[in-house]
Amino acid sequence: MESPFANPLAFMLGPVPITTTVLTTWALMAAMTLAAAWAARRLTIDRPGRVQVVLELLVETLDSEIAGTVPGDPARFRVLIGTLLLFVFVANWSSLVPGVEPPTAHLETDAALAAVVFAAGVGWGIRTRGVRGWLTSFARPSWVMIPLNLVEQVTRHVSLTIRLFGNVMSGVFVIGIVLSLAGLLVPIPLMALDLLTGAVQAYIFATLALVFIGSAVTGDEGATPPPPQQDAP
Amino acid sequence: MTDLIQIASILGAAFAVSFGALGPALAEGRAVATALEAIARQPEAAGSISRTLFVGLAMIETTAIYCLVIALLLLFANPFVQ
């Protein structure tokens with residue numbers, strides 16, 4: 001049986017080895033860019049079509065989620081979080097196409113996505129609070145916590161990687177095992193479960209990325225929205 | 001010597017998956033039972049409860065997935081077997 005950690009080589013681009021995972025990722029990126037360009041060319045104010053309504057619903061849901069997690073203008077995180085959500089979703093569901101293995105079922109893709117989240121957290125933290133403010137956020141609630149906070153920065157992104165990798169890879173792996181044991185139609189319920197898991201994991205990945213970036217922006221104590229003001233009776 | 005390591009790896013993988021499935025199974029059963037109770041008491045909140053339930057279940061399931069990853073590492077990418 002093929003190891004789930006193996007990465008089959010597609011071809012060599014000069015000295016650089018290109019794996020099938022990277023090829024699938026490129027194909028997905030091209031398809032998503034073309035679809036986005038096609039959908040954005042047809043935007044109108046007067047008579048919105050079905051595609052436009054779906055896109056507006058997506059953007060509004062995303063904005064309300066972001067505004068509920070990080071106080072302030074949701075538009076600054078919309079691009080990054082929305083791209084992560086859509087890419088992970090499309091990548092998880094790309095197993096619907098016969099012969100395509102989802103790129104998120106390989107550790108390298110997930111590690112790259114988590115690295116993007118890590119860099120975004122550092123970048124947004126420094127941009128909104130300054131280098132000094134960002135560095136002092138590690139010394140909260142007291143300087144004793146500095147090693148723990150540093151370790152937490154690493155472990156939360158590693159767990160982000162392993163969570164997505166494990167969930168998608170185990171789906172692919174289980175379908176492979178059942179297919180080799182049983183027959184043609186038996187893995188179909190498992191594939192349906194795999195689609196549900198893929199959608200939920202895309203949502204979880206985007207939400208956790210938002211929470212991590214939000215905690216870097218607002219400081220850990222401000223990551224959750226403040227409770228609504230109680231009206232005096 | 002390598003045989004011994006391989007036997008130990010297979011046993012370790014089996015134990016990792018079996019014991020790693022115990023905790024999440026109990027936790028997921030508890031979560032689903034509580035959610036069903038909440039839906040029975042407040043059927044109008046079923047939408048938001050089940051959405052939160054799915055996300056929570058995926059989070060709980062992740063701990064079992066970690067054990068599966070460790071088991072597969074032992075079987076396929078064991079650092080002690082060349």
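## Where the two chains meet

Buried area is the accessible area, taken with a 1.4 Å probe, that two parts lose on being put together, summed over both. In this predicted model, chain B and chain A bury about 1,400 Å² between them, and carbon and sulfur atoms give 82% of that area. Over on the chain B side, the residues that lose the most area to chain A are Y66(B), L72(B) and F76(B), which together make up 34% of what that side buries.

As for who takes part, chain A puts 20 residues into the contact and chain B puts in 14.

## A nonpolar patch on chain A

Now for the surface. F11(A), L13(A), V16(A), V22(A), L23(A), W26(A) and M29(A) make a nonpolar surface patch of about 590 Å². Two elements of chain A give two or more residues each to this patch: β1 (9–13) and α1 (20–41). The biggest giver is α1(A), with four residues.

## A closer look at F11(A)

One of the patch residues is F11(A), and F11(A) is found in strand β1 of chain A. Is F11(A) buried, partly exposed or exposed? F11(A) has 35% relative accessibility, so it counts as partly exposed; the cut-offs for that class are 20% and 50%.

Definitions and conventions: Residues numbered from 1 in each chain as written. Chains lettered and ligands numbered in written order. Predicted model: local features only at pLDDT ≥ 70, side-chain atom pairs only at ≥ 80, totals over all residues. Heavy atoms only, no water. Patch = residues over 30% accessible without salt bridge, like charges linked within 9 Å, V, L, I, M, F, W, Y side chains within 5 Å. Areas by Shrake-Rupley, 256 points an atom, 1.4 Å probe, with all protein chains shown as cover. Salt bridge = Lys/Arg side-chain N within 4 Å of Asp/Glu carboxyl O. Buried < 20%, exposed > 50% of the residue type's maximum accessible area, 1.4 Å probe, protein only. Contact = heavy atoms within 4.5 Å.
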